[in-house]
Amino acid sequence: MGYSDPSSSRDLLGNRTLFFIFICAFAVVTLLQQILYGRNYLKRYFEFYEGPFEYNSTKCLELRQDIIEVKVLSMVKQTELFDRWKSLQMCKWEMNVTEANLFSQRCQDVAMPLPFCSQHRKNTPLGTKLKYEVDTSGIFHINQEIFRMFQRSDMPYYRSQFKKCAVVGNGGILKNSRCGREIDSAISCNLPPISEKYFMDVGVKTDIVTVNPSIITERFHKLEKWRKPFYDVLQVYENASVLLPAFYNTRNTDVSIRVKYVLDDFESQQAVYYFHPQYLINVSRYWLGQGVRAKRISTGLILVTAALELCEEVHLFGFWAFPMNPSGIFITHHYYDNVKPRPGFHAMPSEIFNFLHMHSKGILQVHTGTCSCC
Amino acid sequence: MAAAGPVCKCPRTRLPVGGASALCVFVLCWLYIFPVYRLPDEKEVVQGVLLQQGKAWRSNQTAVTGFRKQLEDCCDPGQLFAMTKQNSPLGKNLWFDGEFLHSVTIDNATYSLFPQATPFQLPLKKCSVVGNGGILKKSGCGRQIDQADFVMRCNLPPLSSEYSKDVGSKTQLVTANPSIIEKRFQNLLWSRKTFVDSVKVYNHSYIYMPAFSMKTGTEPSLRVYYTLEDFGANQTVLFANPNFLRDIGKFWKSRGIHAKRLSTGLFLVSAALGLCEEVTIYGFWPFSVDLHGRFISHHYYDNVLPDSGFHAMPEEFLQLWFLHKNGVLRMQLEQCEAPLLQSSA
């Protein structure tokens with residue numbers, strides 16, 4: 001059977017020809033779409049990338065401006081924001097001292113007449129009636145027993161005491177990030193597990209760890225049953241101070257006070273501090289002004305605010321509340337598990353978005369990629 | 001026909017109310033003046049005991065076996081004394097014995113707290129059951145109590161050195177009421193170290209808790225278990241079996257004890273009679289005067305009187321006295337060693 005030239009065939013628009021034309025048309029349309037809508041997407045591949053740009057290069061200024069331009073989270077698509085954020089990763093980050101000072105100045109003026117503050121004997125004398133932050137009707141009387149539990153003085157921390165701090169959130173983005181080495185002095189949120197398994201990603205050293213009473217309620221039965229497991233978990237942090245929002249709402253108080261009893265019973269050296277409710281009120285009021293509209297601000301945000309006061313340079317690790325990382329790959333909710341929080345309680349994306357803004361302004365640095373070290 | 005309606009209704013509204021209420025009042029008055037049942041008077045009991053005191057006590061083996069047989073039939077102390085994995089399998093529904101229509105289903109978390117079987121070497125040889133009566137004060141019975149193989153005590157009594165001459169120092173089983181946990185240790189919700197320190201006196205003993213008797217008692221009793229486990233303490237918690245407690249209660253009720261609830265002491269004595277071959281009881285004397293007419297405190301460590309009307313102590317005492325007379329158990333009411341002899345030793 002001889003080979004027959006398709007053009008000489010009688011059937012000019014035969015099956016095969018039609019098929020070929022379709023494929024061509026499809027390719028043209030796709031290409032056009034790419035060029036028209038995905039200009040940025042293509043641009044990145046056409047551009048020549050030679051190492052990180054300097055902080056003050058025009059390119060970086062432009063990229064930073066791109067993020068600052070986004071005033072509200074809903075202004076752009078999430079993918080668009082991720083793209084802008086990813087492009088910004090090309091730039092080195094540098095602390096903008098004037099901006100940072102401006103920020104902490106504003107913090108002090110507007111919201112925080114109190115310094116980073118926990119409950120202690122001096123600021124909460126015997127017989128004080130404490131108002132809760134959330135339950136406005138709830139009033140807590142400081143009696144002898146509770147008063148005895150407060151630390152003698154404020155936390156051994158003061159303004160701009162530390163040069164460089166890492167605040168470690170529990171975001172799934174930390175998983176396989178290998179940032180453990182960079183996180184050498186850390187403030188941790190919500191009792192995250194630090195075990196051999198995560199040690200490379202989240203580091204070992206912790207100075208302050210916050211514990212959310214809701215975690216105690218759920219994981220440790222309000223400390224009404226076994227207490228040893230909870231104690232063992234706290235032991236991992238060695239000498240880290242435990243910070244609790246005890247006077248946040250009425251339900252938290254009992255549980256938080258019990259933490260102190262547990263540590264006393266087991267003769268632990270760890271110190272327990274309680275957030276002053278007024279401090280919490282001020283912080284959440286401040287962030288509300290910044291556009292974080294949530295029923296409650298998260299512990300992470302409170303800690304970051306505190307860290308901004310305590311430290312000169314603040315680095316955030318594991319603060320990423322989106323279901324995918326900037327490259328669009330899905331990640332777990334926490335680095336240790338994938339338990340989703342109750343919806344409608346915290347406004348996480350909005351908080352993270354604020355951090356990205358602050359990153360762009362040079363107030364703090366948000367780490368979302370993998371760390372290059374080791 | 002129209003008139004029949006109202007005519008019919010009239011007698012109905014005029015029920016013999018007056019007559020019935022008059023009868024009621026009469027019956028109540030009668031019962032008030034001539035009560036059907038009267039708690040024995042303290043003086044009568046003491047007099048009675050004094051009259052029968054002099055005879056030397058002798059163990060009556062047939063009576064002992066007979067009584068143990070009765071206990072076996074009604075309550076089976078060997079099997080049902082405590083909650084075990086054997087007698088309370090997973091998913092079993094238990095009715096609280098001190099509560100009306102309230103039950104608990106044994107779930108996985110609770111089931112894991114039970115031992116496999118009753119953890120004693122049955123039958124036990126010689127048992128001492130130590131009550132907390134003030135009669136123990138200056139009795140010098142400590143040595144005699146400690147000579148027994150198995151010492152049972154009630155309601156976490158203090159065992160400090162000042163009392164050890166009178167009440168001994170050995171303990172194999174001590175009961176603890178959830179109400180004590182609530183009063184003395186704030187339900188173990190706050191600091192727990194004081195509790196762990198205070199039970200250290202009981203060394204390697206079992207703490208017997210009626211966890212499933214009252215609704216409010218379950219949580220504190222389980223918390224005792226958690227606490228002791230957290231601290232790695234030597235004591236082990238045994239939970240009382242509500243079926244056993246109910247059966248014992250019925251057993252004594254049928255023998256004529258009129259009380260809402262038996263006292264811990266009687267529960268313990270009954271359990272001891274079922275578990276041990278030879279039982280001696282100390283400090284069971286619920287009266288304010290001793291045999292020589294001297295006033296004594298309510299407990300050997302304090303003089304806090306209990307709420308009246310909950311336990312029927314004199315009746316329980318009479319039952320135990322009856323058993324003593326029959327030679328089923330031995331009740332120590334006199335001093336064991338003379339105080340003079342004690343001081344020289």
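Trainee: Against which elements do the buried residues of helix 12 of chain B pack?

Mentor: The buried residues of helix 12 of chain B pack against helix 4 (61-74), helix 5 (77-80), strand 1 (93-95), strand 6 (206-209), helix 13 (264-275) and helix 14 (313-326) of chain B. Contact here requires heavy atoms within 4.5 Å; helices (H or I, at least four residues) and strands (E, at least two) are DSSP runs, numbered from the N terminus. This is a predicted model, in which local features need pLDDT of at least 70 and side-chain atom pairs count only at pLDDT 80 or more, while totals for chains, interfaces and linings use all residues. Residues are numbered from 1 along each chain as its sequence is written, chains are lettered from A and ligands numbered from 1 in the order in which they are written, and side-chain values use heavy atoms, with hydrogens and water left out.

Trainee: Which residues of helix 12 of chain B are buried?

Mentor: Pro242(B), Phe244(B), Leu245(B), Ile248(B), Gly249(B), Phe251(B) and Trp252(B) are buried. Buried means under 20% relative accessible area, exposed over 50% and partly exposed in between (1.4 Å probe, protein chains only).

Trainee: What makes Lys193(B) and Glu267(A) a salt bridge?

Mentor: The closest N and O atoms of Lys193(B) and Glu267(A) are 3.5 Å apart. A salt bridge is a side-chain nitrogen of Lys or Arg within 4 Å of a carboxyl oxygen of Asp or Glu, so the pair qualifies. Across the interface of chain B and chain A the rule finds 2 salt bridges.

Trainee: How much area is buried between chain B and chain A?

Mentor: About 1300 Å² is buried, of which carbon and sulfur atoms give 54%. Trp190(B), Tyr226(B) and Asp230(B) supply 47% of the area that chain B buries against chain A, more than any other three residues. Buried area is the accessible area (1.4 Å probe) that two parts lose on being put together, summed over both. In this interface, 13 residues of chain B are in contact with 15 residues of chain A.

Trainee: Is Asp264(A) buried or partly exposed, and what of Lys260(A)?

Mentor: Asp264(A) is partly exposed, because its relative accessible area is 37%, whereas Lys260(A) counts as buried at 10%. Their salt bridge has its closest N and O atoms 3.9 Å apart. Both residues lie in helix 10 (residues 250-265) of chain A, 4 residues apart, about one turn of the helix.

Trainee: Which residues are linked in a network of salt bridges?

Mentor: The network links Glu224(A), Arg258(A), Glu219(B) and Arg223(B). Over all chains, the structure holds 11 salt bridges.
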